[in-house]
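Let us walk through this structure together, one part at a time. Please have the sequence and the 3D view open side by side as you read.

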2 protein chains.
Amino acid sequence: MNFCSNCGAAIVVRVPDGDTLPRHVCDACDTIHYRNPLVVVGSIPVWEDQVLLCKRAIEPRLGKWTLPAGFMELGESVAQGAIRETEEEARARVSLEDVFTMLSVPHVNQVHIFYRAQLLDLNFGPGSETLEVALFTEGRIPWQEIAFRTVLTTLTHFYADRRRGAYSMHTEDILAPKSTGGYKR
Amino acid sequence: MNFCSNCGAAIVVRVPDGDTLPRHVCDACDTIHYRNPLVVVGSIPVWEDQVLLCKRAIEPRLGKWTLPAGFMELGESVAQGAIRETEEEARARVSLEDVFTMLSVPHVNQVHIFYRAQLLDLNFGPGSETLEVALFTEGRIPWQEIAFRTVLTTLTHFYADRRRGAYSMHTEDILAPKSTGGYKR
């Protein structure tokens with residue numbers, strides 16, 4: 001952030017009066033430009049003993065498999081966002097059940113929220129950000145080809161709870177991957 | 001949003017290629033400036049049969065009572081944010097229990113998330129945005145003086161669940177208040 005989006009003047013980074021953190025401040029028009037974490041919303045669409053996954057057509061993780069999910073938009077609820085993303089990415093209609101995972105990913109400033117969902121029909125197909133949509137039984141989930149750790153965590157909890165016969169909500173933090181320990185130049 | 005925060009050029013509002021919603025776009029440096037909902041995080045600090053509330057020292061709702069809560073910051077988890085806000089607003093230390101409410105407020109583009117929490121000691125007091133901090137038994141909660149509907153909803157569910165002897169998670173949408181039906185000029 002270099003310029004004030006309100007008046008166009010140069011931005012400075014400093015701790016405003018009464019605040020505790022450095023912010024992007026415009027001293028020309030006295031605006032503080034806050035930056036905050038983003039919410040990613042999605043669903044686990046279930047049909048009988050199968051879960052719907054999408055193969056990503058865009059970066060990051062092009063070609064990897066994910067649950068339908070994306071950034072929550074202005075003017076919608078978390079649930080509306082999860083339904084919308086499922087429709088956009090998988091052209092699928094779902095009936096949402098309970099919130100299943102709420103996973104904070106502080107190193108990328110995101111919170112990922114997934115609902116369990118019942119797929120309402122089999123008329124699904126790839127949206128513009130998806131290469132392929134398919135249903136997988138547990139044994140056929142491409143575990144090595146899952147796009148994001150929040151999706152892997154969500155699917156892992158889903159099958160563990162399913163085996164147990166009871167679904168509960170899972171709240172976790174997904175921390176930055178450990179260093180590989182490789183040499184750095 | 002009038003100017004590009006990256007290059008300072010004028011912003012136009014249009015639907016970018018491949019998108020479905022109007023965005024703030026800079027055609028000079030090809031940046032799309034997305035705007036997304038904000039997360040508000042807080043806690044329900046409990047001491048024996050009492051709940052801690054804060055009397056607000058700032059607008060909006062100056063002088064009204066609220067649970068300690070505020071905007072989630074970059075680089076923290078939802079839980080870390082709830083603990084931090086409780087410390088900042090009530091100078092109180094809590095041990096978080098389960099997530100209790102996740103309330104979407106689409107007309108103000110916010111999601112409010114509250115954890116149940118145990119107050120660890122009685123060394124609390126007003127932070128800079130708080131006039132007064134106090135513990136209330138259910139019968140003494142100032143129900144008519146609660147600052148926000150998400151706090152009222154959270155406290156209502158809290159006491160209903162407490163009476164029932166079992167806490168569950170509550171996910172709801174708080175919609176815009178209905179028109180008063182009064183004449184408009």
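How many residues of chain B are in contact with chain A? Keep in mind as we go that this is a predicted model. In it, 32 residues of chain B are in contact with 32 residues of chain A. On the chain B side, β4 (38–47), β8 (94–105) and β11 (170–173) each supply at least two of the residues that touch chain A. The largest share, three residues, comes from β8(B). Sorted by class, this side of chain B has 16 nonpolar, 12 polar and four charged residues.

Now let us turn to chain A as a whole. Chain A holds two helices and 11 strands, and from the N terminus on its elements run β-β-β-β-β-β-β-α-β-β-β-α-β. Of its 185 residues, 35% are buried. Among the contacts in chain A with a separation of 6 or more, residues 24 or more positions apart account for 60%.

Three strands of chain A form an open sheet in the order β1-β2-β3, with antiparallel pairing. β1 (12–14) and β3 (31–33) of chain A stand at the edges with a single partner strand each, so one side of each is left without a neighbour in the sheet. On average, neighbouring strands of this sheet are turned by 40° against each other, direction ignored.

The pairing can be followed residue by residue. β1(A) and β2(A) pair over three bridges, and V12(A) has V25(A) in β2(A) as its bridge partner. Three bridges also join β2 (residues 23–26) of chain A to β3(A).

Next, look at helix α2 (residues 149–164) of chain A. Its 16 residues reach 22 Å from the first C-alpha to the last, close to the 22 Å expected at 1.5 Å a residue. Which residues of α2(A) are buried? They are T150(A), V151(A), T154(A), L155(A), H157(A) and F158(A). Seen down the axis of α2(A), these buried residues fall within an arc of 165°, so they line one face of the helix. An α-helix has 3.6 residues a turn, so residues three or four places apart point the same way. On the other side of α2(A), Y159(A), A160(A), R163(A) and R164(A) are exposed.

What do the buried residues of α2(A) pack against? Their partners are the chain A strands β4 (38–47), β6 (65–66), β8 (94–105), β9 (110–119) and β11 (170–173). After α2(A) comes G165(A), whose phi is positive, near 85°.

For a last stop, move to chain B and its helix α1 (residues 78–90). The 13 residues of this helix should span 18 Å at 1.5 Å a residue, and its end C-alpha atoms are 18 Å apart, which agrees. Buried residues of α1(B) include V78(B), A79(B), G81(B), A82(B) and I83(B). Further along α1(B), E85(B), T86(B), E89(B) and A90(B) are buried as well. Just after α1(B), R91(B) takes a positive phi of about 50°.

How values were computed: Residues are numbered from 1 along each chain as its sequence is written. Chains are lettered from A and ligands numbered from 1 in the order in which they are written. This is a predicted model: local features need pLDDT of at least 70, side-chain atom pairs count only at pLDDT 80 or more; totals for chains, interfaces and linings use all residues. Helices (H or I, at least four residues) and strands (E, at least two) are DSSP runs, numbered from the N terminus. The expected span of a helix is 1.5 Å times one less than its number of residues. A residue is buried if 20 or more other C-beta atoms lie within 10 Å of its own, exposed if 12 or fewer, and partly exposed in between; C-beta atoms are placed from the backbone. The arc is that of the directions from the helix axis to the C-beta atoms. Two residues are in contact if their C-beta atoms, placed from the backbone, lie within 7 Å. Ala, Val, Leu, Ile, Met, Phe, Trp, Tyr, Cys and Pro count as nonpolar, Asp, Glu, Lys and Arg as charged, and the others, Gly among them, as polar. Two strands pair if DSSP finds at least two bridges between them. Axes are lines fitted to C-alpha atoms, for helices over the stretch in contact, and angles run from 0 to 180 degrees between N-to-C directions.
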